[in-house]
Amino acid sequence: MRAHLMYRENDAKAKASPTGLTLKSDLELGRLLEAMADGDKAIYAACEDALLRPLQSLEAIKYRHDTLADAMKNRDAVRRMYIITAQLDNIQTYYMSPSRMAEAFQMSVELLRIYTKFLKDLREVADRRMQDFSSEAFKNLFEMLRRELSDEYFAEVASFTDELKNLDNLLISARLGSNLQSVDYTLRRKEKGFWLRWKLTPAITINVEKDPEAVSDLIMRRDRATSEATSILKQAAKYLEDFFNMLRGELAFYVGCINLTERMQEYGLPVCMPEPQPHDSWDRIWTGLYDVSLALTKESAVVGNDLAASDTRLYIITGANQGGKSTFLRSMGQAQLMMQCGMPVGAERFKAPLRRALFTHFKKEEDNYMKSGRLDEELKRLSVIADHLEPGAMVLFNESLTSTNEREGSEICYQITQALIESDIEVFSVTHLYAFAIRYLGAEKTRFLLAERREDSERTFKILPGEPLKTAYGEDLYNQIFVRGMAALAD
Amino acid sequence: MFYSILFPTREQHEKPRLEREPDYFKDLNLDQVFNAILTEEKAFGKKEKNSFGLEGFFYTPLDDPEIVVYRQEVLRELEDDSLRGQIAFFAMSLNMIEAAMAYVHDSLTSLQKWRDNYLTRGQLLDCVEKYCQAVIQFSSFLSGTGLKSAGLRGFAEYLKSYVESAPFNEMLGRAKKLREELSKVEFCMLIKFGSIRVRRYEGQEDLVKGLLNTFSKFKQDEERSFNVYLPEYAQDIKMEANLLNMVAAYYTDVFSDLYSFAGKYFYFEDETIVRFTNEIHFYLSWLKYIAPLKQTGLPFCYPSICGCEDPACLYSREGFDLALAARSLDSRHEIVTNDFELNYPERIIVVTGANQGGKTTFARAFGQMHHLAAIGLSVPGRAASLYLCDNIMTHFEREENIDTLNGKLQDDLMRLHDLLQRATSRSIFIVNEIFVSTTLTDALVLGGHMMDAIASLGTPSVVVTFLDELALHGPETVSMMSIVSDDGLATRTFKIIRKPPDGLAYAMYLAGKHGLTYKQLKSRLGKEQ
């Protein structure tokens, strides 16, 4: 029994991002995932997995969009089902150890009883709410639950759990082992009237008070006979546990999307369903695109950016330090991943092509290496990315190759960038390498963006079309911290 | 007819062997080596002497080069991992059967009457079955292997004819038939508190079959087994025996067959095969011992053996102290290897040079490889030609013995005298720092006498001494020195090389260490000026 909320039945799971961990930290996905999870580890894991497995077809994304729309409409029912499966967290695990077989046996029977209750609860949701759902995914799920969890089925389960309650008076069959010791203990059903026949059978009777050895021998024999039953019961419980976990994982993504949407609405930020385009498109439109993780960190609205670009392979973003360039780059990466896993996106509008894979190459802060060592480290990371690159991929560079002088850095950066875009790879490059940037002035399929700076030196954190300027605004930053800070102190 | 994997003939095998370690084991640290070899790791890291009775074989030097070659051939063949694995497995299987049979014999002849029961006879049947299976399998494996050594070839032929023999096949057939009958026995126990009843099984339905089916529709990807291993033997063996008696009452014919089978095959193992499975550990335990050393790159080789009449050329390339190497496995100290070569009329190596420079280690290595060669094992080194000695006379410096009340010099002389008395024309001498407790003049005189005596034996020997003069004793002596590197710090290299004695080496080493060599001093003083 499987739910197919994430993929249509028989659809293959999308490939995982080869550099998932780097993406997660460079794009600050942790914040985003925490907001989706709202404290639930399973949601976190499911959403992380989805984000780092970008879907590669418009149909697959559409399937999730439809399922998500249904979930948003019936969020109470979806959350109810999720809570039923999440009760798994409260079940204590127990271990089967040879010395505590009787205990394990009883725990297993009890566990089956609890899980059967969960199944009944799920059936009830299906019975009551099925007609409210319209998506293919949820309709199939409810049909399956009603079909497989019939009243007859619950009766069959009860017949076993009731029979296995009593550990006394066991009938056990056995054969002779290699040394003629008794082996292959199997519990046997006692037919009606069996006692009449057994009553006169010769017996070994032990003195319970005086022969503790024999008493524990009998207990061991009983344990040997019930161990198979216990392991079967535990296996059955494990099947059910896996089933609930599976269902939980399928629901988790949608619960996460609902949670995130509600959070963004709290901050008054827009959330939209993106418009994915085929892989061969080179057009992008974004309106009010913002960094979701930044908003979650600041717990308030943040600045969004707009642009409509067509036939563009290379975006070069330059401009003031602390001017919102990295934030912009992150918002672009986040939106790309969110779009490709069927999530809503942090923007008013986001129209973009699907990409085979997304890679980030961000400057590492706080690097204590010697210069040569740092360049070596940077190039090593680049080489890892290159191992996985393919046409149709997308790479976000954030101040790459600044660990050497500008001339060398620009040259390496130019050579790499040029190779990528010529191989049909979309590149976003935030850079201070002026020599690198100006080589693309007037080039085809290239857009220049600039961190906005007004006449009064005030940063707006807006990224607007604009060609590179020679200086970065480190002085601004200095002024803001020192001069303004002093002024504020004087007030 | 094959008799033993350690000797070509039965007569050689029956000659007496040393029961105790030879005296030189301690001085040469061979006690460490062979204690480790004769010990096996038991459960919980406990170590125990193994029970194969191999001590005498490891202790006793062989007097016949033919036996040495017999063993070397077997050992060389056993270096093949897959062959050795098969042989070790066979030996282990039979060793276990032997141990189990010891218990069966003990039970069936015990004064505790209840131990004489069907359960013990079941164990005997199990042993017979396992024995037959192991022997047949191994024989067929050996016959498909092109064996080279006379020893293993001889055993393979012996085993082949044994497996084809009528008595073996009769035993095999009877065991099979009996097992077939016993496997049909099936019964039911009714366990109620304090009692247990037994009847034939009468087709009662399995209680839990079908349970898993009911739940299998929830199964996701992974399958995990929750089977708990509960040992399938009874806690109370007496109860098990009684239970089996009750079962036997329902199946009287089968159990009376079992009874007569156990009577006939009370002793069923072939002595020669059992001897092989014990003695093969002589080789297996040695190879196991040296395996980690070989892994670190230390070489072992099969020495050629110079007859006693003709010690024309002895040599060893890259030899080393085995006990030291084994101790250094954990600490990963690099082991320094050394060469030596003796060409007629050279017989006596006199080692001088820096203290702590590896002289004693060199002497030990020399002795060790001669003992190892003399019992037919491989020896440390890349290549070697060694002398087949009957005994190794070691004279190592000892703590003063308070009990004897003798002075140290006297003690030295008494021991030397004793050694010379016992030495034959085939005994090797290893003398390590003798006469240190007397004046130089005395030491020189006594040392000269000693050299005369050893030289007159005509056997290869090693003398470690601070007396440079001994190295120039005569044409039979070869001078070797522990050397220090000329890096100005006189770092010890633990290399022992052929070199005329150089009285300054030790002093220079110390001086260099304190920065007091001519050069060092000139330089230091130069700066002060």
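Visitor: Which residue in S3(B) is the bridge partner of A:Leu170?

Guide: This is a predicted model, in which local features need pLDDT of at least 70, side-chain atom pairs count only at pLDDT 80 or more, and totals for chains, interfaces and linings use all residues. Residues are numbered from 1 along each chain as its sequence is written, while chains are lettered from A and ligands numbered from 1 in the order in which they are written. Helices (H or I, at least four residues) and strands (E, at least two) are DSSP runs, numbered from the N terminus. In S3(B), A:Leu170 has as its bridge partner B:Ile191.

Visitor: Over how many bridges do S1(A) and S3(B) pair?

Guide: Two strands pair if DSSP finds at least two bridges between them. Strand S1 of chain A covers residues 170-176. With S3(B), the sense is antiparallel and the count of bridges is 6.

Visitor: In what order do the 5 strands of the open sheet stand?

Guide: The pairing in this sheet is antiparallel. The edge strands, each pairing on one side only, are S2 (182-187) and S3 (203-205) of chain A. Neighbouring strands are turned by 25 degrees against each other on average, direction ignored. The order is S2(A)-S1(A)-S3(B)-S4(B)-S3(A).

Visitor: What angle does the direction of H11(B) make with that of S4(B)?

Guide: H11(B) packs on the sheet, where it touches S2 and S3 of chain A together with S3 and S4 of chain B. Angles run from 0 to 180 degrees between N-to-C directions, and axes are lines fitted to C-alpha atoms, for helices over the stretch in contact. For H11(B) and S4(B), the angle is about 30 degrees.

Visitor: How many residues of chain A are in contact with the 52 residues of chain B?

Guide: Two residues are in contact if their C-beta atoms, placed from the backbone, lie within 7 Å. By that rule, the 52 residues of chain B meet residues of chain A numbering 60.

Visitor: Which element gives the most to the side of chain B that touches chain A?

Guide: Elements giving two or more residues to that side include helix H7 (118-143), strand S4 (195-200) and helix H11 (237-250) of chain B. The side divides into 28 nonpolar (Ala, Val, Leu, Ile, Met, Phe, Trp, Tyr, Cys and Pro), 13 charged (Asp, Glu, Lys and Arg) and 11 polar residues (the others, Gly among them). The most, 7 residues, comes from S3(B).

Visitor: How are H6(B) and H7(B) directed relative to each other?

Guide: Helix H6 (residues 81-108) of chain B packs against H7(B) at about 160 degrees, with the axes 10 Å apart. Angles under 35 degrees count as roughly parallel, over 145 as roughly antiparallel, 65 to 115 as roughly perpendicular and the rest as oblique. The two helices are therefore roughly antiparallel.

Visitor: How many charged residues are in the contact of H5(A) with H6(A)?

Guide: H5 (residues 75-86) and H6 (residues 101-129) of chain A pack at about 170 degrees, their axes 10 Å apart. Among the residues making the contact are A:Met81 and A:Ile84 of H5(A) and A:Phe118 and A:Leu122 of H6(A). Of the residues in the contact, 6 are nonpolar, no residue is polar, and the charged ones number 3.
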